[in-house]
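Visitor: I'd like to go through this one label by label and ask what each label rests on. Could you show me the sequence and the structure?

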Amino acid sequence: RVVAGTIIRDCDWSDTFPWPPPTDGAPETTASSGSDMCLACPQGFFKSAPGSAACGECKSNSTSVPASTLESACECVAGFSDLNGETSACQECPAGTYKNDTGGACKPCPANSQSAQGSTQQTSCLCNAGWTGTDASADVYCTMCEAGEYSAASPEVCQRCPGNSTSPEASIDISACQCGPGFTGHHTACEACPANTYKNVT
């Protein structure tokens with residue numbers, strides 16, 4: 001008798017498998033008489049009714065464990081989720097999220113970080129410009145660049161402004177560095193104010 005989750009094949013276990021066949025009545029695979037035998041539906045397939053029909057394949061971007069007996073056993077793979085609550089329509093996790101296992105929902109990136117669409121690991125979440133961080137598993141991953149620093153893009157560390165210049169917190173470009181009081185010029189070359197002049201603002 002062919003059970004759900006299996007398909008019958010015309011071959012002998014000794015011809016194709018080095019290990020003993022499963023015993024009669026096993027729920028995943030059931031050996032039949034003669035040279036016919038039942039093989040478990042492979043990963044990514046299912047079969048819900050007894051008989052010799054072929055196993056059905058899971059929908060795109062989903063998979064199942066071997067010997068699955070229901071289509072609902074097919075779950076979205078890493079980087080994909082049933083965003084609309086339909087297992088038959090696995091879609092890429094949106095930007096700013098990730099999913100590193102089969103089944104379940106996309107998880108949001110840590111605060112102040114971003115990921116590409118379809119990301120499969122938390123390490124794909126990179127700190128936004130103006131923020132820095134190296135350990136994506138930490139409770140507080142991305143920290144703000146301090147005043148006098150900037151970060152154009154992750155995974156860069158915050159860079160110090162050139163000498164005699166400073167910037168607001170969370171600055172994203174060197175152009176945010178402005179000459180400090182008593183200095184003037186371009187942010188990359190701040191020079192002291194000439195004699196008999198002054199500057200009391202940044």
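Visitor: What makes Cys-193 count as buried?
Guide: Its relative accessibility is 18%, and buried means under 20%, so Cys-193 gets the label. Bear in mind that this is a predicted model.

Visitor: Take Cys-76 and Cys-90, then. What makes that pair a disulfide?
Guide: Their sulfur atoms are 2.0 Å apart, and the cut-off is within 2.5 Å, so the pair qualifies. Cys-76 belongs to strand β6 (residues 75–76), while Cys-90 is in the loop between β7 (80–81) and β8 (91–92), and the link joins distant parts of the chain, 14 residues apart. The angle about the S-S bond is -85°, a left-handed link.

Visitor: Are these two cysteines buried or exposed?
Guide: Both Cys-76 and Cys-90 are buried.

Visitor: How do you know that Cys-145 and Cys-158 form a disulfide?
Guide: Here the sulfur atoms are 2.1 Å apart, and a disulfide takes anything within 2.5 Å, so the pair passes. Cys-145 is in the loop between β14 (143–144) and β15 (149–150), and Cys-158 is in the loop between β15 and β16 (159–160), 13 residues apart. With -85° about the S-S bond, this link is left-handed.

Visitor: And why are Cys-145 and Cys-158 called buried?
Guide: Cys-145 comes out at 1% relative accessibility and Cys-158 at 16%. The label asks for under 20%, so Cys-145 is buried, and so is Cys-158.

Visitor: What makes Cys-161 and Cys-177 a disulfide?
Guide: The sulfur atoms are 2.0 Å apart, and the limit is within 2.5 Å, so this pair counts too. Cys-161 lies in the loop between β16 and β17 (165–166) and Cys-177 in the loop between β17 and β18 (178–179), so the link ties together parts 16 residues apart in sequence. The S-S angle is -70°, and the link is left-handed. As for burial, Cys-161 has 11% relative accessibility and counts as buried, and Cys-177 is buried at 0%.

Visitor: Where does Val-157 lie, and which residues does it touch?
Guide: Val-157 is in the loop between β15 and β16. Leaving aside residues up to four places away in sequence, Val-157 touches Thr-132, Tyr-150 and Ser-151. Its C-alpha is also 9.3 Å from that of Gly-130, which is 27 residues away in sequence.

Visitor: What makes Thr-97 buried?
Guide: At 15% relative accessibility, Thr-97 is under the 20% limit, so Thr-97 counts as buried. Thr-97 is in strand β9 (residues 97–98). A polar atom of its side chain lies 2.6 Å from the backbone oxygen of Pro-94. Among the residues Thr-97 touches beyond four places in sequence are Cys-106, Cys-109 and Ser-119.

Visitor: Which elements have the highest and the lowest mean pLDDT?
Guide: Strand β9 has the highest, at 95, and helix α1 (residues 13–16) the lowest, at 32. Over residues 10–35 the pLDDT is below 50, yet the model gives this stretch 41 contacts beyond near neighbours in sequence. Where pLDDT is low, the predicted coordinates should not be read in detail. For the protein chain, the average is 80, and 76% of the residues score at least 70.

Terms used
Residues numbered from 1 in each chain as written. Heavy atoms only, no water. Helix = DSSP H or I, 4+ residues; strand = E, 2+ residues; numbered from the N terminus. Buried < 20%, exposed > 50% of the residue type's maximum accessible area, 1.4 Å probe, protein only. Polar contact = N/O pair within 3.5 Å; in protein donor to acceptor, adjacent residues only side chain to side chain. Contact = heavy atoms within 4.5 Å. pLDDT = per-residue confidence, 0-100.
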